[in-house]
Amino acid sequence: MSQLEQTSSSKLFGGWQNQYQHQSSCLNCTMRFSVYLPPQAESGQRLPVLYWLSGLTCSDENFVTKAGAQCVAAELGIILVIPDTSPRGDEVPDDEAYDLGKGAGFYVNATQAPWDQHYHMYDYIVNELPALITAHFNVRDKAAIAGHSMGGHGALVIALANQQKYTSVSAFAPIVNPLNCAWGQKAFRHYLGDDQTQWQQYDACHLLQQQGGLLKMPMKVDQGLADNFLESQSLTRPLQAVCDKIQYQADFGYHPGYDHSYYFISSFIEAHLRFHYQYLQ
């Protein structure tokens, strides 16, 4: 089990916002992530966990500093775990574009060179990071998972494919059908190759259709209607269409005037935390 090195700590709302780094075996690099420990953590009781997956160009710090989630997490006694969005380091392949390489891991296990040596973010989120959290913090067995944009894609795909690990899933403005949007097609072609049947395991719409009546996981999705990526990247709506087709009762919210930014996330993050809390209990 990898050892954690704490690199920063700040007290807020009676708890602690900490940042850690460790040597990742599946990503072959040094990774960092952030954890908010609510004040209830000092009591020694096992607490529920919410994993937050961030979007393109982000690190673990965007959600920590912009979402305003710690106040509600402190009230509810939820540990927040916020990983980075890709492997990092001088030895890690990158690209000049913002939507490929560092900051754009897309939460897949890359199979194509040169990405396949480091870009295994799916395994990192599903297996390695939760094992670290379980080993070093007093947490419950099941967790909730949520994310924004590329991170919303990651949260949905990971939850749908690993229902035994998660109580609930939510997303803000998620990429839901990467097989049919420019962001997903570019990333998947580089990371996974040209065989689109290999892409399907990372497409929330495809997974949802496969699950059909077997899906039991509570799902909440919010989308800003002033989001400039809503149409160009086919956010949210294709997933709702699949839900309607298979008669799966997910909670979709559409909000006039809200864009793709953390102003949108901070406006509705409390509702998402309270949504997850009822299932984490």
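The model is predicted: local features need pLDDT of at least 70, side-chain atom pairs count only at pLDDT 80 or more, and totals for chains, interfaces and linings use all residues. Residues are numbered from 1 along each chain as its sequence is written, and side-chain values use heavy atoms, with hydrogens and water left out.

**Exercise 1.** Determine the order of the strands in the open sheet and identify the edge strands.

*Solution.* Strands are DSSP runs of E of at least two residues, and helices are runs of H or I of at least four, both numbered from the N terminus. Two strands pair if DSSP finds at least two bridges between them. Nine strands form the open sheet, in the order 1-2-3-5-4-6-7-8-9, with mixed pairing. At the edges are strand 1 (5–12) and strand 9 (251–255), each of which pairs on one side only.

**Exercise 2.** Describe how strand 6 is joined to strand 7.

*Solution.* Strand 6 (residues 143–148) and strand 7 (residues 166–172) run parallel and are joined by five bridges. Within strand 7, Ala171 is the bridge partner of Gly147.

**Exercise 3.** Locate the bend in helix 3 and name buried residues of this helix.

*Solution.* The bend at a residue is the angle between axes fitted to the seven residues ending there and the seven starting there. Helix 3 (residues 121–136) bends by about 30° at Glu128. A proline, Pro130, follows within four residues.

Technical notes: Buried < 20%, exposed > 50% of the residue type's maximum accessible area, 1.4 Å probe, protein only.
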